[in-house]
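User: Can you go through this one with me? I'll ask as I look.
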Amino acid sequence: MWSDNPVNSLTVGEAMYRLAADLYPLPRSITGEGFRETIRRIGELIPLAVTETPTGTPVFDWTVPKEWNLRDAWVTDPAGERIIDLRDSTLHVVNYSVPVRRTLSLAELRPHLHSLPDHPDWVPYRTSYYDETWGFCLTHRLRESLREGTYEVCIDSSLEPGSLTYAECVLPGDDPREVLLSCHSCHPALANDNLSGITLAVALARALSAREHRRWTYRFLFIPGTIGAITWLARNPALARRVQHGLVLACVGDRGHLTYKRSRRGNAPIDRTVAHVLRHAGAPYELMDFIPYGYDERQYCSPGFDLPVGCFMRTPNGQYREYHTSADDLDFITPAHLGDSFARALDVVQLLEGDRVYVNTHPCCEPQLGTRGLYRTTGGTDVPGYELALLWVLNQSDGAHSLLDVAERATLPFGVVRRAADDLLRAGLLREGASA
Amino acid sequence: MWSDNPVNSLTVGEAMYRLAADLYPLPRSITGEGFRETIRRIGELIPLAVTETPTGTPVFDWTVPKEWNLRDAWVTDPAGERIIDLRDSTLHVVNYSVPVRRTLSLAELRPHLHSLPDHPDWVPYRTSYYDETWGFCLTHRLRESLREGTYEVCIDSSLEPGSLTYAECVLPGDDPREVLLSCHSCHPALANDNLSGITLAVALARALSAREHRRWTYRFLFIPGTIGAITWLARNPALARRVQHGLVLACVGDRGHLTYKRSRRGNAPIDRTVAHVLRHAGAPYELMDFIPYGYDERQYCSPGFDLPVGCFMRTPNGQYREYHTSADDLDFITPAHLGDSFARALDVVQLLEGDRVYVNTHPCCEPQLGTRGLYRTTGGTDVPGYELALLWVLNQSDGAHSLLDVAERATLPFGVVRRAADDLLRAGLLREGASA
Amino acid sequence: MWSDNPVNSLTVGEAMYRLAADLYPLPRSITGEGFRETIRRIGELIPLAVTETPTGTPVFDWTVPKEWNLRDAWVTDPAGERIIDLRDSTLHVVNYSVPVRRTLSLAELRPHLHSLPDHPDWVPYRTSYYDETWGFCLTHRLRESLREGTYEVCIDSSLEPGSLTYAECVLPGDDPREVLLSCHSCHPALANDNLSGITLAVALARALSAREHRRWTYRFLFIPGTIGAITWLARNPALARRVQHGLVLACVGDRGHLTYKRSRRGNAPIDRTVAHVLRHAGAPYELMDFIPYGYDERQYCSPGFDLPVGCFMRTPNGQYREYHTSADDLDFITPAHLGDSFARALDVVQLLEGDRVYVNTHPCCEPQLGTRGLYRTTGGTDVPGYELALLWVLNQSDGAHSLLDVAERATLPFGVVRRAADDLLRAGLLREGASA
């Protein structure tokens, strides 16, 4: 199903798209078999460790909820026609609906129906995790057409003690400190939010696992939103302290431009790294300041953790009309945009892997570059970026500036600066400085 | 005469206007009975402690001057007509003129006359505190019409050892540290500069004294400009050190927009507080950097004190044509603008009273808001300011950020943030942090 | 030849221009008699100490090169016509060409010819210091007209052990710490780059040596570019540590506006000083951030030294078409622009000489200015810059702010602030603070 080719991001984007399509119909929620099946299929593509946390486990201010499973659900109209059916879309049932099997009037049914008057052909996505109730989501057009009479409703669900599931893919590196890549994986048939994020995590994990050598240890989390992040943080306080850089991956398949929402710290290395990558990517982009609303950066950036975790997106949550509706479907995302998100995320990883602090071994005056084969020998006036990068790296490598610092001050792409540093290292003109 | 109604700032503005009109005719100067009568009338509205400092008292580099009193003054023309009369306006006599009773020619009289060629119908305001001379101020039209002949002049004044008067209204609070509100009260018939400032001080003192509870101790100073501030500072060095926040109140009745001139520190809490209030007031405003010219902030912000005292104004000194002329009269100020200045100054006080540093008692991940009745329980997409304020206060309450810091970072009005903090406190999710 | 008149910068500019014209024909290079003759002529105008450093001396990562001298050079065409002749322009020979005397075909000659296709009437400037070869520079028009046949070439040069020459003019001041003014003096017939820089150094040295009193010690360096700066730094590490402020002077005679390139530090006093001077000079100007490419600031600002040395220019290297061609001739520079560069550089020196930290002796409240004859005695509304400068100096003189700090905060020209400080010093209202 998957074909990796990091140098051809469109090919990767197509594989990502296929995975999104495969996972689309599963009846996901924050707990239950739908989530487990999602994890099982991801586990065919990358190595995963799965953790189950029993219902009732206290996790900070919260408690792991009962496990919810949904087998069937439908509504029949007074004529006995099945007008709503779970098999058409997992969005039709309010997530975490308690079981129900009743006959009722339209008046009794109405409070349990959810639709979108402004988008009469779309089905909304609704949840009720912490309030035991039941409901159906449907198009406003259908809702308006309902006639008086007797309706029959069935939600064949269970809400019982069980466990909350999350999965981790850990790729060890030279440094036990970690890069955290987290995606909420609990939403049912919503393609951008967040099947796209899942596929980006899988694509990055595959690309990174193919490497001979990794500087950092990478940890990918496939977790239910909010309660999953809280559960992971509650179970892993020591691991949380190892996080040096992190990204929440969400909404990365739509046709909008890339958006990066900074971590709470605002100027953490991850924030500067993503900003640098986007600035040099040659396409429109947007940088947003942190706000304590959004995805699981809310938990990672809570004051007791304050982790350097930003959010990597295309169009942010709530800023597209299709958000949390049936219109966030497989037509709303494209292989090309998934592939572009992958390519830029890989640039971010490359920069995290390659950033270092060096010390110029010949700090007094410029060293001779010509005799070391690094420079033209006859005076001229052209100064391509590479030669300027050589001079900048030598000038700034005083042990206090990283290559990212150099690239930012020189307004050169990190890759050019990294290449210059490699050549200077080979020529003995740099040595490694204190770890960044 | 006064009717308080802080929630109706226009009503307060009308009371302020009536007070300005009442004080308008009094023959004020930096010393003397005109100033004392002004204080006596203010003392009918708020509790005042009056301090007299004898002539000759050294106050830093200065000396308390002789006391000046003015009983009568006039000029008659060659026809015996009284063409200038103190009873028409206290501005007609150069402030601190020595006594004179003489007959002289127009040529001899001319050097003692002051008028404004560019504004031929206005009478200028002139002083000569530190040079013993005498003079009259008149319209340029009148001056131009004077014919040759013999004039008689009379200034029935006295300039003798006496004392300099100032008054203080102190409203104790929980914290002995003080908020200083200072207005120069020495100008004669000038409505904006500074009867308006006097009325704002009175209105604020009345509003604050009506409160059951005050966090800060408030000190209102009614002082002669420059020499009064210098005298107060020289007599009260220990009190000066208690000043945590301060405002000079001046020119707050004209039709211009509000202007705030920052303290010498530039980013003191009072500077950030007033900027925040103006930014969220929904009307045009201006922020000015400190300059060592203006009102008594010159003294409070001298380097030996460097107090966090800014200047709260509408149109600043010297930036309106009517400044220091008879055209700065009761038509130049309005109850509505006085009331608006009061409303915003009260917002400033509210913010100073309400700003605190809190510590989130559940700093690891977000606490549950729904179970505490603070939050919606069914997922949706609307995020009104209040709910975002809850999240911001929780996220930023790490003991290092005040509510004003939170409001600024969240770009929310302080009031919304304060309300969210109150609810979080009641829910046990915050505790008080170290005092700001 | 020289007439000094610092108050008439055009007169100085004319003297600068005459010096440039005098030096223009000399066959300069980074070593040899052409450089020595240049130094000898400068030494007729200002006192110089000349240092010779033998070929082979190691200087940091470099080695002092062989000495190059050029006596004659020409090319004859198949008709025996002398088509290129050193006597027409020193640019015709590639600098550091090894001796050659050969007969060769046009095909053999071609690789040794350098011209500018885009500027067919200009002769380029080429060097080959570190690659032993030979070549001629000529107009593209001439090169294109060459016919097949036998050519004869002669370069009567020597490249042998000798020494590298540089010259210093040191003007002692009260403070042994130094202001470094450096200009590369090795370019042959190029008027802007850098005969103009040489003439500016001479003009400043003459103006400063005429003073009775200097605060700082001034050191002017006339050095070959790159290798000269490296040699000076290698020989004088202790002197380098004494440099408090510095400027590289280059390209200061063209018709463009002034440009200042900041030091590596970016906000050193010299950077703030030049920016202040240009901001108040009433003409367009440009400030550039440091880049490690350009003139000898590359060496002074290498990380092992990191000296506060910026670059004072009109149009920067490489930003004018005539750069490093025969079109950078005596018509490309003007006495007026040389004089303007001198006037502004002198302003920079004045500011460096006059900047001080003072302490207000009466820091509590404002002192009386009127009684000290520093201020008007009758109240008015006009506030000329001088009076505001008095107030700013008093307000900011807390021992932490220099007069430049005051001028910047007050947005007043340094000269006005300096004059106010002089008057306050005389009045006993300031005393000297800790040295800046």
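User: How exposed is C:Asp121?
Analyst: C:Asp121 is partly exposed, at a relative accessible area of 48%. Buried means under 20%, exposed over 50%, and partly exposed in between, with a 1.4 Å probe and protein chains only. This is a predicted model, so local features need pLDDT of at least 70 and side-chain atom pairs count only at pLDDT 80 or more, while totals for chains, interfaces and linings use all residues. Residues are numbered from 1 along each chain as its sequence is written, chains are lettered from A and ligands numbered from 1 in the order written, and side-chain values use heavy atoms, leaving out hydrogens and water.

User: What does C:Asp121 meet in a salt bridge?
Analyst: Its partner is C:Arg141, at 2.7 Å from N to O. C:Asp121 is in the loop between strand S7 (113–114) and strand S8 (136–137) of chain C, and C:Arg141 is in helix H4 (residues 140–145), so the pair ties together parts 20 residues apart in sequence. A salt bridge here is a side-chain nitrogen of Lys or Arg within 4 Å of a carboxyl oxygen of Asp or Glu. Helices (H or I, at least four residues) and strands (E, at least two) are DSSP runs, numbered from the N terminus.

User: How many salt bridges over all chains?
Analyst: 99. One of them joins B:Glu168 and B:Arg219, with the closest N and O atoms 2.7 Å apart. B:Glu168 sits in strand S10 (residues 163–171) and B:Arg219 in strand S12 (residues 216–223) of chain B, so this pair ties together parts 51 residues apart in sequence.

User: Buried or exposed, that pair?
Analyst: Both B:Glu168 and B:Arg219 are buried.

User: And C:Arg265, what does it pair with?
Analyst: C:Asp306, with the closest N and O atoms 4.0 Å apart. C:Arg265 is partly exposed, with a relative accessible area of 46%. For a network of salt bridges, see A:Asp22, A:Glu37, A:Arg40, A:Arg41 and A:Glu44, which are linked in one.

User: What area is buried between chain C and chain B?
Analyst: About 2,200 Å², of which carbon and sulfur atoms give 54%. C:Cys365, C:Glu366 and C:Asn395 supply 30% of what chain C buries against chain B, more than any other three residues. Buried area is the accessible area (1.4 Å probe) that two parts lose on being put together, summed over both.

User: Which salt bridges are there between those two chains?
Analyst: The count is three. There is a salt bridge between B:Asp61 and C:Arg372, with the closest N and O atoms 2.7 Å apart. Helix H11 (residues 385–396) of chain C gives the largest share of the side of chain C that touches chain B, six residues.
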